[in-house]
Structure formats: structure tokens, C-alpha cells
Amino acid sequence: MRWQGQQVGATDPDALPGLESLGGLVRSVTTPEFAGMTFHEVLAKSALNHVPGPSAMPFDWTVNPYRGCSHACVYCFARRTHEYLDFDSGADFDREIVVKTNVAEVLRRELARPSWAREHVALGTNTDPYQRAEGRYRLMPDIIEALADSGTPFSVLTKGTLLRRDLPALAAAASVVDVDVSMSIAISHDALRESLEPGAPTFRARVETIRAASEAGFRPMVFLMPILPHLTDDAAIIDDALRQLKEAGARRVVFGALHLRPGAKEWFWQWLERERPDLLPLYRGLYPGASVSAPVGYRKLLSARVRPLLRRHGLTGGAEDDAPAPRASRLMPVRATASAPAPAMLF
Ligand code: SF4
């Protein structure tokens, strides 16, 4: 298993089949409160990840306390990263969650190095730091404290309403370093959201989280994406979502059409076959073969539809196509207090 080198610790006799062969390297935990899920607790050797190569994104460093994500978004293109752990990119991604239990402690050590230049650190670039596991493990408060204590500016992007728990800690951190808070919201229709993001909070709960962040002094940004052709791209639906976001205190909205990367594409195709076979020909036309992005024509049409709505609601922002090119992961937040360039959300 490729993550073997990152772990030490004791073996749980109840480990999943296959994992027990790692001998002394992993503890796997199941609990009644998280039925169907297994947490694989690991002791990470490193916490700060350097984004390799020249980056078009306004961050070079990330911290990811979890691998896999119980929000289980069908379209999530972090799915393939689970294959590096010898899990599959489908159901395993949703319920086999790797937890770096010592991430804050390791991070604190790394941030204390004389060589650390206090560059911006992005949280939420691969999997969601406020997914359900965070309710059990509470890794984020110590991560926030470590970053603030070291004078490191950071940003958090999430779909998780658990963010509310840490707003006081985030606000305290924001008194000493720049802290940015962003929320990812793709689908306002409840039944469709439940089908495509079965483990994620409702649209209403996320809107209320934006409101809470706003009341805590942040000016939250929203990634209204991925917009799904012929499922969520109706002007009236987007208009209503923007109205609610604005009313809750959102400052800036970046929108973009669905990307279907390998790993996510197969999974999304299965969803279409099961739930909306009528749309299969249309989607095969929009995303033929190995293509990842919707055609330029569609993206222009979407842009022409959404931009006037942003203006109508007094929101800044724009299309992800206006932002720096996507890198490799999923998404990123934007500065809450400054006019940083709009980031690309990567799914
Ligand atoms: S898109 Fe984000 S919230 Fe959804 S499953 Fe992927 S990492 Fe989790």
C-alpha cells in the first residue's frame, strides 16, 4: 500500500481485510455513530504539502487532514487519489477515510522550522476538512491554532457546516493572520443534492453557515460549482440561489461548469445511467471520450447567463475561466478581505 511509508502505529485486529497485513502500521476504527464508514487512523510523517511545479494558483502549500470524503459527491474528482491508497475511487472514497491523527502536532513542528517563510496555506484543496470525521477527531482547531501561532496566513474551503464550530477559533486567528473562509455550493434543489452529494449538508444549512461566517466577521466567498448542464443551469434556479447567498452575506461568487476527470467520470456516468438515462446522450455529447471540460460554447453560454445575475444581486466574482488555471485537486478559497484573483475550483 503506497501510504505505508507515512504511517506508524498499532494494528487493530478489526482492520479491514487486506489492511491487517500492513502489520503495525494502521488502526482501523468503526463506530455506531458512523455506520458504514471506517476510519483508518495514521500517524503522518509530514503535514505541509508543497504543490509541485510552477503554480498558477495563489498558494503553494496545503494541509489535508483527511483522505477520502464522506460528503460523497458523485462528481468529485479527488476520487482518483484514493486509488493511490489501493482503495477504489467509488464507494471506498466515500467511506474508507484516512485520518492523520497527529497532523496538527506535525504541522506545528514544520511551521517552527527557521526555513518556513509563512506562505499562504490552503485547507480544503483535496478533500473536505469539515467532513463528518472532523466531528469525531477535531483536528481543525489545533491546525488553526498552529497556523495562527506561527504567523501563517491560511484559507479554508468546505461544504461542511461543522465550520460553524470553529468560527470563534477562526476569528481569533484572523486577528493575527489573514484568514479566508469559502463555501462550496453546487445544488440548491434538495432531492438532486441528496442524490449527487448524499453525505453533504443541505443547501439551506450551507447558506446558514455562510450567514454565521459573515456574522463572525468574515466576508465569505462561494464557489457555485459545478453547475451541471441541464440539471442545475436553469437561469431561475441560479437566480434564486444567488439571491439567498447574497442575503446570507456572501461577498463573491465564482461559478463554473462541471468537469469530469478520470475517476469521477466513470462514477458520474453510472449515476446518469441509474438516475437520468434520458440525459446520457446529451452528456456524452458534451464530454465525449476523455474530455474533461464542457465545450467552450457551453461555458460561454453559461457565463452569459450567470454574469447578469451576479450583477443583479450585487455580487462580485465571475466564471472560473477568468481565474488562474486549475491545478490538480479540487478547489481553493479566496482571500476574504482583499481583492485576490478569483481562484479556480477544480471540480
Ligand atoms: S467534492 Fe469536496 S466535499 Fe464533495 S466529496 Fe469531493 S472533497 Fe468531499
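A residue is called buried when its relative accessible area is under 20%, exposed when that area is over 50%, and partly exposed in between (1.4 Å probe, protein chains only). At 1% relative accessibility, Val 106 counts as buried. The structure is a predicted model, in which local features need pLDDT of at least 70, side-chain atom pairs count only at pLDDT 80 or more, and totals for chains, interfaces and linings use all residues. Residues are numbered from 1 along each chain as its sequence is written, and side-chain values use heavy atoms, with hydrogens and water left out.

The protein has 347 residues, and 57% of them are buried. Its secondary structure consists of 11 helices and 12 strands. These elements are DSSP runs numbered from the N terminus: helices are H or I with at least four residues, and strands are E with at least two. A contact means heavy atoms within 4.5 Å. Of the contacts in the protein with a separation of 6 or more, 74% join residues 24 or more positions apart. The protein exposes about 13700 Å². Carbon and sulfur atoms supply 53% of that area. Accessible areas come from the Shrake-Rupley method with a 1.4 Å probe, and for residues only the protein chains shown count as cover.

Val 106 lies in helix 2. The buried residues of this helix are Val 103, Ala 104, Val 106, Leu 107, Glu 110 and Leu 111. They cover an arc of only 160 degrees around the axis, so they sit on the same side of helix 2. The arc is taken from the directions that run from the helix axis to the C-beta atoms. Glu 105 and Arg 109 are exposed, on the face of helix 2 turned away from its buried side. The buried residues pack against strand 3 (48-50), strand 4, strand 6 (96-100) and helix 4 (140-149). Leaving aside neighbours within four places in sequence, Val 106 is in contact with Ala 44, Lys 45, Ser 46 and Ala 47. Val 106 and Lys 45 are 61 residues apart in sequence, yet 7.1 Å apart in space, C-alpha to C-alpha.

Aromatic rings were examined next. A pair of aromatic rings is described by the distance of the centres and the angle of the planes. Rings of Phe, Tyr and Trp (its six-membered ring) pair if their centres lie within 6.5 Å; planes under 30 degrees apart count as stacked, over 60 as edge-to-face and the rest as tilted. The structure holds 6 such pairs. One of them joins Trp 61 and Trp 116 edge-to-face, at 5.3 Å centre to centre and 80 degrees between the planes. Trp 61 lies in strand 4 (residues 61-63) and Trp 116 in the loop between helix 2 (103-111) and strand 7 (121-123), so the pair ties together parts that are 55 residues apart in sequence. Trp 61 is buried, with a relative accessible area of 18%. Trp 116 is buried at 8%.

Tyr 283 and Tyr 287 form a stacked pair, with 6.0 Å centre to centre and 15 degrees between the planes. Both tyrosines are buried. Ring pairs link Phe 268, Trp 271, Tyr 283 and Tyr 287 into a cluster. Tyr 283 lies in helix 10 (residues 280-286), and its relative accessibility is 0%. Not counting residues up to four places away in sequence, Tyr 283 touches Leu 228, Pro 229, Leu 231, Leu 258, Phe 268, Trp 269 and Leu 272. Tyr 283 and Ala 294 are 11 residues apart in sequence and 9.1 Å apart in space, C-alpha to C-alpha.

Charged side chains also sit over rings. The criterion is that NZ of Lys or CZ of Arg is within 6 Å of the ring centre and within 35 degrees of the ring normal. Arg 261 lies over the face of Phe 77, at 4.3 Å from the ring centre. Lys 265 lies over the face of Trp 269, at 5.6 Å from the ring centre.

His 259 is found in the loop between strand 11 (252-257) and helix 9 (264-275). It is buried, at 8% relative accessibility. The side chain of His 259 makes a polar contact of 3.1 Å with the side chain of Ser 293. Ser 89 is found in the loop between strand 5 (66-67) and helix 1 (91-95). Ser 89 is buried at 12%. Its side chain makes a polar contact with the side chain of Glu 83 (3.1 Å).

Technical notes. A polar contact is a pair of N or O atoms within 3.5 Å; within protein, one must be able to donate a hydrogen and the other to accept it, and residues adjacent in sequence count only if both atoms are side-chain atoms.
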